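Thank you for coming, everyone. Please take a moment to look at the structure before I start, and keep it in view while I talk.

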Amino acid sequence: MKYLPTPDEYHKYYYIDIETEAVPDFRPNKIWMMCASRMDQTEVHHFVGHQEIKRFFDELKGQEVYFVGHNACSFDGPVLCRIKILDGHKATSRDYLGSR
């Protein structure tokens with residue numbers, strides 16, 4: 001299993017982070033915003049609200065992309081799937097610790 005991309009693959013990798021409503025059971029029903037940055041670029045994109053976030057993922061649907069984020073596998077990814085933002089997408093999430 002390969003863990004780190006090579007520089008020629010950086011365009012396939014996106015750092016993501018979502019901010020949700022605070023709920024005691026860690027199962028939010030609302031995402032307030034999401035930040036995303038492609039690994040080969042310095043620009044950070046901000047998406048506010050369900051529709052903007054869904055549009056970001058829908059534009060990548062069918063492409064070979066990887067989403068990387070702190071707690072992406074245990075929180076961000078499951079939340080995005082549960083509230084139907086990642087609905088029918090084939091994507092891979094990888095957790096990381098630290099910053100880029």
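This is a predicted model: local features need pLDDT of at least 70, side-chain atom pairs count only at pLDDT 80 or more; totals for chains, interfaces and linings use all residues.

Before anything else, one word needs a meaning: when I say that two residues are in contact, I mean that they have heavy atoms within 4.5 Å of each other.

Let me begin with the overall layout. The protein chain contains 2 helices and 5 strands, and if you follow the chain from the N terminus, these elements come in the order β-β-β-α-β-α-β. If we take the contacts with a separation of 6 or more, 56% of them are accounted for by residues 24 or more positions apart.

Now please find Lys12, which sits in the segment before strand S1 (13-20). Is Lys12 buried or exposed? Its relative accessible area is 18%, and because buried means under 20%, Lys12 counts as buried. Which residues does Lys12 touch, once we leave aside its neighbours within four places in sequence? The answer is Glu64, Val65 and Tyr66.

With Glu64, Lys12 also forms a salt bridge, in which the closest N and O atoms are 3.3 Å apart. Lys12 belongs to the segment before S1, whereas Glu64 belongs to the loop between helix H1 (50-60) and strand S4 (66-69), so this pair ties together parts that are 52 residues apart in sequence. In general, side chains of opposite charge can pair when their charged atoms come close.

How many salt bridges does a search of the whole structure find? It finds 3, and having seen one, we can turn to the others. Arg38 and Asp40 meet through their side chains in a salt bridge with an N to O distance of 2.6 Å; here Arg38 is partly exposed at 23% relative accessible area, and Asp40 is partly exposed as well, at 38%. Then there is the salt bridge of Lys54 with Asp58, whose closest N and O atoms are 3.5 Å apart. Lys54 and Asp58 both lie in helix H1, 4 residues apart, which is about one turn of the helix. An α-helix has 3.6 residues a turn, so residues three or four places apart point the same way. Asp58 is partly exposed, with a relative accessibility of 34%.

Finally, just after H1, Gly62 takes a positive phi of about 90°.

Key
Residues are numbered from 1 along each chain as its sequence is written. Side-chain values use heavy atoms; hydrogens and water are left out. Buried means under 20% relative accessible area, exposed over 50%, partly exposed in between (1.4 Å probe, protein chains only). A salt bridge is a side-chain nitrogen of Lys or Arg within 4 Å of a carboxyl oxygen of Asp or Glu.
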